[in-house]
Amino acid sequence: MANNGPLLSVRDLAVVFRHHDGETRAVEGVSFDINPGETVALVGESGSGKSVTALSVLKLLPYPAASHPSGSIRFKGQELLHLPEHKIRRVRGNDITIVFQEPMTSLNPLHTIGQQIAEILELHGGVTGPAARDRAVELLTAVGIPDAQGRLGSYPHQLSGGQRQRVMIAMALANEPDLLIADEPTTALDVTVQAQILTLIKDLQARLGMAILFITHDLGIVRKIAQRVCVMKAGRIVEQGDAATVFAQPQHPYTRALVDALPKPDPAPPMPQAPVVVKTDDLKVWFPVRRGFLRRTVGHIKAVDGVSVAVRKGETLGVVGESGSGKTTLGLALLRLIASDGPIVFMGHGLQGLTFREMRRYRRDMQIVFQDPYGSLSPRMSVADIVEEGLWVHHPTVPPAEREGRVIRALVEVGLEPETRFRYPHEFSGGQRQRISLARALVLEPSFIVLDEPTSALDMIIQSQMVDLLRGLQKRRELTYLFISHDLRVVAALASRVVVMRHGKVVEEGPAAELFKQPKTEYTRALFAAAFDLESAGEGVVAQ
Amino acid sequence: MDATTRTSAETAVVATPRPRVAGIKLSALNARRWQNFKANRRGYWSFILFMLLFVISLFAEFIANDKPFLVEYDGRYYFPALVTYPETTFGGEFETAADYRDPYVQKLITEKGGSMLWPPIRYSYDTHNLDLPTPAPSPPTWLLTEAQCQPVAERKGVKGCAGLEWNWLGTDDQGRDVLARLIYGFRISVLFGLTLTVVSSLVGVAAGAVQGYFGGWTDLLFQRFIEIWTSIPSLYLLLIISSVLVPGFFVLLAILLLFSWVSLVGLVRAEFLRGRNFEYIQAARALGVGNLTIIFRHLLPNAMVATMTFLPFILSSSVMTLTALDFLGFGLPPGSPSLGELLSQGKANVQAPWLGLTGFFAVAIMLSLLIFIGEAVRDAFDPRKTFR
């Protein structure tokens, strides 16, 4: 090992992707160093080239479609960029390992986790048989999997998302690498689990003394974990330096925008006197579990189990909780998009038991915006067709010119050009698509909108723009929101009152200001600590 | 609020119209698909060649016919290819339709200073060549020796083989021109295949859509029904039915339809099962859009991709089925031009290889073209094909 030099040294790296109508320069002139035992964070929005940079270190890009016109990547003094495939394979998984974002697809569903860890050990260390088994147990214990011995025979689907990510980390650590590349390892996880994984990575780094290249779009994580930070935008590093300095005195305008991107808390005040828009009492959504030959119902999955909420006009009710807590199901049930039990009262009218046709006249007033900006717009319809659809259903007699006018008004209101209506969803970025979804809901001039994690798939800067947009619309149109999210910072920015859900039940509720200041239950406290300070809670309070 | 309304009113006036390409509204997606289709050179040229052959065969009456398409007689014009005229029109004796190949009728017309414009091949699929130089099946005229042509040529008053009305691909065992039968046979095969493909896709897509969209008991019962239905040995049933009913074009179509519609059901059902959980379907439900609209506007376009990919292959298998039935003698009624019948004649007359070879190459080339087109269509609809 070159003793004093950096562990990894990237100089003037460029990455070009060739496709059938030209070339895209994904990364250009990127230079940075990682010293042994150090954590360097690559920060930037999606498409800024941070993952591409990290993948080129291990030559994992789709060559020959990708190429490097210039640059050098030196690891312990050895040039990696032009190393032949059989030699780079010895580096991968041995000296440099990688943990990916998606724990659902990174593990092979057909092999037990024991087999998958043993494979790594055999490939790189030549360890087999009982020795490999012992080492696997040791690794799983190290990453905090309880009952590691018993877990060896488990298949990936039997583990939770957080546990899967722990297994991925165990596999990455199997050969005690000098450098761990973590490519958004916590983005797909719940806040509570995210905090645990971050703590784990920090602990392991302290114990094993490895360097980490941490890729993320979340500045909170960077603050928590990284010593140095490189801010990337459009394929270039616009600013790099000591993490504390960069955050305290950002030099580049983009970095400043990024640091300021945290949505400002300015929620609509709670309105205890305003009329109730939506109210439900002891709402239940139970999915039957059927077993055996006669498909008898042996039990129920209680997605929503006796929830009572009321949303008043002009206010935003934030619904928070981990994934699987039933918050999305609650939103869908309130709009009667899934069957439920218990009264739902909308503007004084009971909705339960109405037929599809009878429901239609209420649908105009209650709309929904979904989480996934890529899945919620039909790829085969133009933006005009998408936004117009509700008008066809609810105002079929409106003349075409008037209809077009309304579509344009809705698009303008969400901050899109009127010309966008001739284009198709795939031409838009995630944030723009989310605006289109919002326009589709707004064109009917509803009074109540369920927002199902509308910001969680978006980059930080776009997120805070979206929050501002939602807030502006609420003020202008006196809208009532049910805001579902696991991202507490966004909820804090928008919600007048908050409901905390866990296992289908309401754990705690109250005005947002009070709740955020003084959470009453231990669960809420753990949730808040994880979200705002990335602190993991003690055993047993939150899911593993 | 006021400001927004005003700006949007202004922008509405200057709003550009929906972009169009060559008069046809081609979405970016379809334009890309067309590019991908063209990028598969083999499939693209197969498509052009096949369409050329098909369009030409649609005008078979003007290419191979035993009636001229224009007759000038006594200063007036007649169109025998389209209208049937009695012999008396041209001064003949009988009220029956004029046989323009009959030297007597030809003489009547030319005597009055009239003339006839013949198609390039003067035989229709059912014209028996009565002036064969050799016993039927007679080889292609260009394979005959002058000695063989001599008697016929003398009788017709022309010089040698070159003066005869040529049978480019010889005749079958009833003295009918093979090329004429090939052209008509190709047309009927493709038309039959197309009709069967379209109708069975319509039925199959509808059935699959209902199953996939509604799911539950509808799906379960329908699936069991299809399993039982497909386990019926269809060939035997076809043989039995075609021996009871007189097998015409439409009867055959109906019989084959009974079994061919199931091929797409599973595919469309799976697409719908997948598609109905998409968030934009949920969004449409939240807008209060009805089931039928959701099926047609949102789900069907998705399912159509898979369906379109399959169509050329269904077309080729439909053509193959018809050919097979004709070959076995259970297909189109006797006398109809058909490739299967040509093949079976080739089998019965091994001493006349032009029958078997023509039939073989016609079927082989047609099916190969369809398969190549199918591959190109599959490429065109492949979403991963964008980044190569």
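User: Leaving aside its neighbours within four places in sequence, which residues is Thr280(A) in contact with?

Analyst: In this predicted model, Thr280(A) belongs to strand E12 of chain A, residues 276-291. With neighbours within four places in sequence set aside, the contacts of Thr280(A) are Val307(A), Ser308(A), Val309(A), Leu334(A), Gly342(A), Pro343(A) and Ile344(A).

User: Is Thr280(A) buried or exposed?

Analyst: A residue counts as buried if 20 or more other C-beta atoms lie within 10 Å of its own. Thr280(A) has 23 other C-beta atoms within 10 Å, so the class is buried.

User: How many Å apart in space are Thr280(A) and Gly350(A), C-alpha to C-alpha?

Analyst: In sequence the two residues are 70 apart. The C-alpha to C-alpha distance between Thr280(A) and Gly350(A) is 9.6 Å.

User: What is the radius of gyration of chain A?

Analyst: Chain A contains 20 helices and 21 strands. For its 544 residues the globule rule gives 24 Å, and the value for chain A is close to that, so the chain is as compact as a globular protein of that length. The C-alpha trace spans about 75 × 55 × 50 Å along its principal axes. The radius of gyration of chain A is 25 Å.

User: Among contacts in chain A between residues at least 6 apart in sequence, what percentage join residues at least 24 apart?

Analyst: Of the 544 residues in chain A, 47% are buried. Among the contacts between residues at least 6 apart in sequence, the share joining residues at least 24 apart is 69%.

User: What is phi of His503(A) near?

Analyst: His503(A) is found in the loop between strand E20 (497-502) and strand E21 (505-511) of chain A. With 15 other C-beta atoms within 10 Å, His503(A) is partly exposed. Phi is positive here, in a residue other than glycine, and its value is near 50°.

User: Is the peptide bond from Ala136(B) to Pro137(B) cis or trans?

Analyst: Pro137(B) is located in the loop between strand E3 (115-117) and helix H5 (146-156) of chain B. Omega of the bond from Ala136(B) to Pro137(B) is near -5°, and the bond is cis.

User: How are H6(B) and H14(B) oriented to each other?

Analyst: Helix H6 (residues 178-214) and helix H14 (residues 353-380) of chain B pack with axes 11 Å apart, at an angle of about 25°. Angles under 35 degrees count as roughly parallel. H6(B) and H14(B) are therefore roughly parallel.

User: Which residues of H6(B) make the contact with H14(B)?

Analyst: By class, the contact has seven nonpolar, one polar and no charged residues. On the H14(B) side are Trp354(B), Leu355(B), Thr358(B), Ala362(B) and Met366(B). On the H6(B) side are Val178(B), Leu182(B) and Phe186(B).

User: How far apart are the axes of H6(B) and helix H10 of chain B?

Analyst: H10(B) covers residues 262-275, and H6(B) packs with H10(B) at an angle of about 35°. H6(B) passes H10(B) in a right-handed crossing. Their contact has twelve nonpolar, six polar and two charged residues. The distance between the two axes is 7 Å.

How values were computed
Residues numbered from 1 in each chain as written. Chains lettered and ligands numbered in written order. Predicted model: local features only at pLDDT ≥ 70, side-chain atom pairs only at ≥ 80, totals over all residues. Axes fitted to C-alpha atoms, helices over the stretch in contact; angles between N-to-C directions. Helix = DSSP H or I, 4+ residues; strand = E, 2+ residues; numbered from the N terminus. Parallel < 35°, antiparallel > 145°, perpendicular 65-115°, else oblique. Contact = placed C-beta atoms within 7 Å. Nonpolar A, V, L, I, M, F, W, Y, C, P; charged D, E, K, R; others polar. Rg over C-alpha atoms; globule rule 2.2 N^0.38 Å. Buried ≥ 20, exposed ≤ 12 C-beta atoms within 10 Å, placed from the backbone. Left-handed = near helix turned anticlockwise from the far one by under 90°.
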